[in-house]
Amino acid sequence: MKIEKNVDGSNTSFALEGRLDTMTAPLLESEIQGKLEGVTDLEFDFAKLTYISSAGLRVLLSAQKIMNKQGKMLIKNACDEIKEIFEVTGFSDILTVV
Amino acid sequence: MQNWVKEIVVDSKFENVRTLTEFVESSLEPLNPSPKAIMQIGVAIDELFSNVVRYSGSSNMKLILNVNADVLTAKLTFIDEGVEYDPLKKADPDVTLSAEERDIGGLGIFLVKKIMDGVEYKRDGQKNILTVVKKLG
């Protein structure tokens, strides 16, 4: 997986490419845990993400919990297959998917 | 078309989730499965194999891939010789809770149940045998 991070003031965005699974979720986790101080807008671009498993959902949930306290979080450009994973797990109600 | 069976044995190491996924994807490719079915099978492999690596204590795992070409269905059987563990006994998570209330436990197997067309577990002697069935169309 490739993770591209862009920081612009209090806006941080991550563009993910490939698979967010058991192997790669810890990479994203390490980019998020303890590193969102002062961030008010967090955005994930999933245009090139092909795949997500529960390991990836776990990281998104922990990011959402942090952002609920300090700002907002958006997920953009998720493909239909990933949106369906959000639907069946109830994550479409927790996350803001645009 | 003919029905066929292939199998692979891998060490219980997280990185082998790739080996398993590639094995299944390349084996199924001639059948032209839908991208959605392939993605969902990949998710099931990720969830079930990572469970074996984390919890079973088994040094390896066997994956048997059965294809019924007539009805375009794949059956994946995950076999390990670890401690007895039936993931289907785990209670489903409450998917209506808010982010703050959500506990991530049990989400992987719940996801597998939702995106596969059938999931079964049995204990056979020293073996955990977990089978998932997925239509490829």
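Start by selecting A:Leu74. Setting aside residues up to four places away in sequence, A:Leu74 touches A:Glu43, A:Thr96 and A:Val98, where contact means that the C-beta atoms, placed from the backbone, lie within 7 Å. A:Leu74 sits in strand 4 of chain A; helices here are DSSP runs of H or I with at least four residues, strands are runs of E with at least two, and both are numbered from the N terminus. Buried or partly exposed? A:Leu74 is partly exposed, with 15 other C-beta atoms within 10 Å. The cut-offs: 20 or more other C-beta atoms within 10 Å of a residue's own make it buried, 12 or fewer make it exposed, and anything in between is partly exposed, again with C-beta atoms placed from the backbone.

Before going on, a word on what is on screen. This is a predicted model: local features need pLDDT of at least 70 and side-chain atom pairs count only at pLDDT 80 or more, while totals for chains, interfaces and linings use all residues. Residues are numbered from 1 along each chain as its sequence is written, and chains are lettered from A and ligands numbered from 1 in the order in which they are written.

**The sheet in chain A**

Show the strands of chain A. Four of them form an open sheet in the order 1-2-3-4, with mixed pairing; two strands count as paired if DSSP finds at least two bridges between them. Strand 1 (2-8) and strand 4 (72-76) of chain A are at the edges with a single partner strand each, so each has one side without a neighbour in the sheet. From one strand to the next, the twist averages 15 degrees.

Zoom in on strand 1 and strand 2 (residues 11-20) of chain A, which pair in the antiparallel sense over seven bridges. Then bring in helix 1 (residues 25-32) of chain A, lying across strand 1 and strand 2 of chain A and running at about 15 degrees to strand 1 of chain A. Axes are lines fitted to C-alpha atoms, for helices over the stretch in contact, and angles run from 0 to 180 degrees between N-to-C directions.

**Over to chain B**

Select chain B, with its three helices and five strands. From the N terminus on, its elements run β-α-α-β-β-α-β-β. Along its principal axes, the C-alpha trace of chain B spans about 50 × 35 × 25 Å.

What is the strand order in the chain B sheet? Five strands form an open sheet in the order 1-2-3-5-4, and the pairing is antiparallel. Strand 1 (4-11) and strand 4 of chain B take the edges, each with a single partner strand, so one side of each has no neighbour in the sheet. Strand 2 (residues 60-68) and strand 3 (residues 73-80) of chain B pair over eight bridges in the antiparallel sense; there, B:Leu65 stands opposite B:Leu76 in strand 3 of chain B. Helix 1 of chain B lies across strand 1, strand 2 and strand 3 of chain B, at about 165 degrees to strand 1 of chain B.

Next, color helix 3 of chain B. Seven of its nine residues are buried, so helix 3 of chain B is largely enclosed by the rest of the structure. Among the buried ones are B:Phe110 and B:Val112. Their cover includes helix 2 (54-70) and helix 3 (80-88) of chain A, along with helix 2, strand 4 (118-124) and strand 5 (127-135) of chain B.

B:Val112 also turns up among the 56 residues of the largest nonpolar core, where B:Ala44, B:Ile45, B:Leu48, B:Phe49, B:Phe78 and B:Val112 touch the most other members. A nonpolar core is a set of buried Ala, Val, Leu, Ile, Met, Phe, Trp, Tyr and Cys residues joined through C-beta atoms within 7 Å. Helix 2 of chain B gives the most to this core, 11 residues.

**Last stop: the contact**

Show both chains together. The contact takes 23 residues from chain B and 18 residues from chain A. On the chain B side, the largest share, seven residues, comes from helix 2 of chain B.

Definitions and conventions: Contact = placed C-beta atoms within 7 Å.
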